[in-house]
Amino acid sequence: MNPSRQHTFIAHVEDRPGVLNRVISLFRRRAYNIDSLTVARTERPAISRITLVVEADDREARLLEANLYKLINVLYVEQVTDQGTVARELALIKVRSDEKTRPNVLQVCEVFRARAIDVTPASVMVELTGTPDKIDGLIELLRPHGIIELVRTGAVAMARGAQSALTDLLDARTDPPEHTA
Amino acid sequence: MEPGAPLGAPAPERTSGAARRTGAEIVWDVLASEGVDVVFGYPGGAIMPIYDAMHQRSARHVLVRHEQAAAHMADGYARASGKVGVCLATSGPGATNLVTGIATAMLDSSPIVCITGQVSSTLLGSDAFQETDITGVTLPITKHNYLVTRVEDIAPTLREAFFIARSGRPGPVLVDITKDAQQASTEDDWRARPVRLPGYRPEHQPSEDELARAAELIAAAERPLILAGHGVLKAEAAPLLMELVEKTGIPVASTLLGLGGFPATHPLSLGMMGMHGEAWVNTSIQESDLLIALGMRFDDRVTGNLKTFARKARKIHIEIDPSEINKNVKVDVGLVGDLRRTLTRLLPRIQRRTCTPWMEHIRALKGDSAVRDIQYLPHNGRLYAAHVIHDLWWLTQGKALMVTDVGQHQMWEAQYYRHDRPRQLITSGGLGTMGFALPAAIGARFARPDDELWVVVGDGGFQMTAAELSTCAQEGIKVHVAIINNGYLGMVRQWQQFFYENRYSATALRNPDFVKLAEAHGLNGLRVTRREEIPEAVAQARAQPGTTVIDFRVEQEDIVYPMVPAGADLDDMIRRPPSGSAPGGSSPWTSGAV
């Protein structure tokens, strides 16, 4: 069958209590391990945006998308795996570093366009935004110095170009927002 | 607002400056506006304001003996009427007792609205007395659910709940209302508030191209077969299915829940398919070159081994739920939409044709099954369940509303009662819920007060909800309960015989005297041990004003044939040995295609 690979879903959902739980329960029930999940409000007052990365084959991914649509609070789902998409992730990395090693750490960070945001006599905290791959790369180079603490947000993604799928959808809808039977 | 009027449309009796109403009163106002005439429930602390506001209301309340039965009754009412069934329960144990009934409705796409009381919003999450996170508990078994903490939200939420329950692919919706919201009052005019469900799109429409492709496949097929599911009943599409069959001569096989969607006595009706479907039906599916699946979801009890299911067949799938397309079986054309509307658009594209050679082939396959039918066994003095069902069919002239439980008797009912009308059979399919029949029948009784109604139930399942006999007595309703009593959890025993070398582990039942049990409730009890006694027992049950329980003592070790073992190929069936030898005893495994 189809090989499994990472699929990225962007779910636009109503900003209400419990909606995130409904979305991730759908993956939990089917025993998927969610590789990454980010969620926050959008420019529209009542709409939040969930970016979710999960390993699945193409058939499973299509069924997951169909099931996401069945959730009453989900407004729109983009499965952006094969589209021109920009995906970014933020990481904060606290790495062991003293006077001797600090130049080397900062040099590596510069190559990756990471910013040092906090320095103590024994450590440096750096901030990096980039593709998940790029963040993996910096972590590998800093690891020999001794990583004290690390946090990453997981990917956020957006399709390229001047269009927004959700905006297009909402603008195109002629029916009033309330439901008619 | 009239029931069925467009949600969001201004209500005719809309007044400005509505009177101050409590949340509990608003619940009943909305139920009335949705056309609810009966609710099933059980009171308790957190729902007492709603029960208190029930006085002087037109809706009838049926007091159940366990909340599970309230959910099954709402479900049975919904299946028998096509309307939304409603049940009430209190918080905590009341709400959790609903769970089996809700899951049953979910798996069979039955529209019910469950209203539960919840502890006051100030106590939420504190492990207060009788607090359960019921929206959390029912998240995976409801189509949608709500926690309502503000009186202003009660009416809009309930109206959304009804709309969601009955639209698209129907299903259960739970509305959990805190006690303080029930007690608070508001002047808010709920009728003026629109229902907003911006993300909910229950209706899809197949494209013209997809319809054309389906029509092409139908025109080109030589051995086509229609698989009719529950959706035929849900979408009220039976007349269109008949039109399709009359135009094309394509035979119809039904799922368990699809029985009645096409008349069983029609020459092109093949009967039930699947694990306990007739051998010639399953063989026909395997030999077909086109399957037209209508409102069904290729459940594993229908398909057997997916790898070998109908390999030679192209597949057209008409289904309202997009997530069912290609879920289990890969199809050539998937038409997502309401079955009635889709068939209405498809039918003009269908060319008139016949399937004579194919039907002749199927009839030849059928001949082999006839010699294996228990009806043709020489009389050996024993009462078989198939006799009971066949005679019930005969004595009720095939017109009764039949409600079954789950197990061997359910399969015999499906095989030997011939259902000619939609909503004539009510049975738990997807979840296979033992204990379903009696409460579901009580619910169906309120939906269809004038139909002759038979409950066919095993001795095991009956005892799971037998307390509802007490509800029958209190409500003074008339249902005929036929207990197919073989002293075993028969279907499990059958599996033990076939697949566990006759180790009957925990399947023998020491039953109470069911006749006395009926009498203890003030109902009528009868016992039947010989086939000749069946007509008299049926006549006696009919003559009684109330509920009658008939204890049919049937052959204990009978087996439901044919049987496709779980996961086996659909045409790899265990068959009843042809003629002569009575079943039971040693394992009569006669595997292989017909």
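This is a predicted model: local features need pLDDT of at least 70, side-chain atom pairs count only at pLDDT 80 or more; totals for chains, interfaces and linings use all residues.
Gly522(B) sits in the loop between helix H22 (514–520) and strand S19 (524–528) of chain B. With 64% relative accessibility, over the 50% cut-off, Gly522(B) counts as exposed.

**The parallel sheet in chain B**

- Six strands of chain B make an open sheet, running in the order S3-S2-S4-S5-S7-S6, and the pairing is parallel.
- Strand S3 (60–63) and S6 of chain B are the edge strands; each has a single partner strand, so one side of each lacks a neighbour in the sheet.
- From one strand to the next, the twist averages 20°.
- The partner of S6(B) is strand S7 (residues 172–178) of chain B, and the two pair in the parallel sense over five bridges.
- Along that pairing, Tyr146(B) stands opposite Val175(B) in S7(B), and Val148(B) is opposite Ile177(B) in S7(B).

**Helices in chain B**

- Helix H16 (residues 385–395) and helix H17 (residues 408–416) of chain B pack with their axes 9 Å apart, at an angle of about 45°.
- That makes H16(B) and H17(B) oblique to each other, and H16(B) passes H17(B) in a right-handed crossing.
- On the H16(B) side, the contact is made by Ala385(B), Ala386(B), Ile389(B), His390(B) and Trp393(B); they meet Trp412(B), Glu413(B) and Tyr416(B) in H17(B).
- By type, the residues of this H16(B)–H17(B) contact come out as six nonpolar, one polar and one charged.
- Helix H18 (residues 437–447) of chain B is mostly covered, with ten of its eleven residues buried.
- The buried residues in H18(B) are Ala437(B), Leu438(B), Pro439(B), Ala440(B), Ala441(B), Ile442(B), Gly443(B), Ala444(B), Arg445(B) and Phe446(B).

**A buried loop residue in chain A**

- Asn73(A) lies in the loop between helix H2 (58–70) and strand S4 (74–79) of chain A.
- Its relative accessibility is 7%, so Asn73(A) counts as buried.
- Leaving out neighbours within four places in sequence, Asn73(A) is in contact with His12(A), Val13(A), Glu14(A), Arg16(A), Val19(A) and Arg22(A), plus His144(B) from the other chain.

- Arg113(A) isn't a glycine, yet it has a positive phi of about 60°.
- You'll find Arg113(A) in the loop between helix H3 (102–111) and strand S6 (115–120) of chain A; at 68% relative accessibility, this residue counts as exposed.
- Ala506(B) is another non-glycine with a positive phi, in this case near 60°.
- Ala506(B) belongs to the loop between helix H21 (490–499) and H22 of chain B, and with a relative accessible area of 70% it is exposed.
- There's a cis peptide bond between Tyr561(B) and Pro562(B), with omega about -15°.
- Pro562(B) falls in the segment after strand S20 (548–553) of chain B.

Key. Residues are numbered from 1 along each chain as its sequence is written. Chains are lettered from A and ligands numbered from 1 in the order in which they are written. Side-chain values use heavy atoms; hydrogens and water are left out. Axes are lines fitted to C-alpha atoms, for helices over the stretch in contact, and angles run from 0 to 180 degrees between N-to-C directions. Helices (H or I, at least four residues) and strands (E, at least two) are DSSP runs, numbered from the N terminus. Angles under 35 degrees count as roughly parallel, over 145 as roughly antiparallel, 65 to 115 as roughly perpendicular and the rest as oblique. A crossing is left-handed if the near helix is turned anticlockwise from the far one by less than a right angle, and right-handed if clockwise. Contact means heavy atoms within 4.5 Å. Ala, Val, Leu, Ile, Met, Phe, Trp, Tyr, Cys and Pro count as nonpolar, Asp, Glu, Lys and Arg as charged, and the others, Gly among them, as polar. Buried means under 20% relative accessible area, exposed over 50%, partly exposed in between (1.4 Å probe, protein chains only). Two strands pair if DSSP finds at least two bridges between them.
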